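Me: I have a chain open on the screen and would like to learn how to read it. Please take one feature at a time.

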Amino acid sequence: MKLAGRESNDIDECANGSACGQNHNCVKTEGGFICGCDHGWDGDNCTKDVNECSNTSICGPNQHCVNTLGSYICHCDIGYEGFNCSGDIDECAYTSMCGPHQHCVNTVGGYRCDCDIGWNGDICDIESIECTNATVCGLNLICSSTNGNLICVESKLVINSTAASVRASDGLTPSNEDPGRNLDGGP
Ligand SMILES: [Ca+2]
């Protein structure tokens, strides 16, 4: 709302700061003054807060807007910090970001917890069979671990629970008695 006043003498009514009410600004005019709402306020008596956050682009990248009475604040999104929130937080610099058997991997705007070698599952609480035990596969076999699953390889013959039954039906001899055997038809 704009209030206009008129004075017979051209004095500066705005000078004393009380010509207009709270949340108003005062603009001197020739022979009078005009009261307008301060930034952030609206309504007939400038008592209605403007929600600046309704403008979704009022804050910059990696920021979110928080409306306040008469103003607003741009806070950094989680994972960002620094000037204009342009800096990625290295969450891994803090200890205990991840659980047991996990290690922290920093990413832009976040981080993740990868399983340590030898562990898997959603929270890395399942110990996977690894090739570190030399007796796992027996003699003349090569141990290979992929995605937490262990397989024993003899030349090109894969011996796991499925292949073992195939081998039995094919009449193949146990691997440690026939180390040179393979299934690809080669010599
Ligand atoms: Ca980060």
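Me: Which residues does Trp 41 touch, not counting residues up to four places away in sequence?

Reply: Two residues are in contact if their C-beta atoms, placed from the backbone, lie within 7 Å. Under that rule Trp 41 touches Asn 23, Cys 46, Lys 48, Asp 49, Val 50 and Gly 70. Before going on, note that this is a predicted model: local features need pLDDT of at least 70, side-chain atom pairs count only at pLDDT 80 or more, and totals for chains, interfaces and linings use all residues. Residues are numbered from 1 along each chain as its sequence is written.

Me: Is Trp 41 buried or exposed?

Reply: A residue is buried if 20 or more other C-beta atoms lie within 10 Å of its own, exposed if 12 or fewer, and partly exposed in between, with the C-beta atoms placed from the backbone. Trp 41 is buried because 20 other C-beta atoms lie within 10 Å. Its place is in strand 4 (residues 41–42). The C-alpha atoms of Trp 41 and Ser 71 are 8.3 Å apart, although 30 residues separate them along the chain.

Me: What counts as a strand or a helix?

Reply: Both are DSSP runs, numbered from the N terminus: helices are H or I with at least four residues, strands are E with at least two. This chain has 16 strands and one helix.

Me: What percentage of the residues of the chain count as buried?

Reply: Of its 187 residues, 9% count as buried. Among contacts with a separation of 6 or more, 23% are between residues 24 or more positions apart.

Me: Which strand does strand 2 pair with?

Reply: Two strands pair if DSSP finds at least two bridges between them. Strand 2 (residues 24–29) is joined to strand 3 (residues 32–37) by six bridges, and the two run antiparallel. One of the bridge pairs is Cys 26 with Cys 35 in strand 3. The two strands form a hairpin with two residues between them, and Gly 31 in the turn has a positive phi of about 80 degrees.

Me: Where does Thr 29 lie?

Reply: Thr 29 lies in strand 2. It counts as partly exposed because it has 13 C-beta neighbours inside 10 Å. From Thr 29 to Glu 13 the C-alpha distance is 9.5 Å, and the two are 16 residues apart in sequence.

Me: How many bridges join strand 10 to strand 11?

Reply: Six bridges join strand 10 (residues 102–107) to strand 11 (residues 110–115), and these strands run antiparallel. Asn 106 has Tyr 111 as its bridge partner in strand 11, and Val 105 stands opposite Arg 112. The hairpin of strand 10 and strand 11 has two residues between the strands, and Gly 109 takes a positive phi near 85 degrees there.

Me: Which residue other than glycine has a positive phi near 65 degrees?

Reply: Most residues other than glycine have a negative phi. Asn 62 has a positive phi near 65 degrees. Asn 62 lies in the loop between strand 5 and strand 6, and it is buried because it has 20 other C-beta atoms within 10 Å. Asn 84 is not a glycine either, and its phi is positive at about 55 degrees. The loop between strand 8 (80–81) and strand 9 (87–88) holds Asn 84, which counts as partly exposed with 13 C-beta neighbours inside 10 Å.

Me: Why does Ser 54 count as exposed?

Reply: Ser 54 counts as exposed because it has 10 C-beta neighbours inside 10 Å. It sits in the loop between strand 5 (48–49) and strand 6 (63–68). The C-alpha atoms of Ser 54 and Asn 67 are 9.0 Å apart.

Me: Which residues does UniProt list for "domain: EGF-like"?

Reply: The unreviewed UniProt entry lists residues 10–47, 49–86 and 88–125. UniProt positions are given in the numbering used here, feature names are shortened, and annotations may be inferred rather than shown by experiment. In the model, residues 10–47 are 0% helix and 37% strand, with end C-alpha atoms 29 Å apart. Residues 88–125 are 0% helix and 39% strand, and their end C-alpha atoms lie 29 Å apart.
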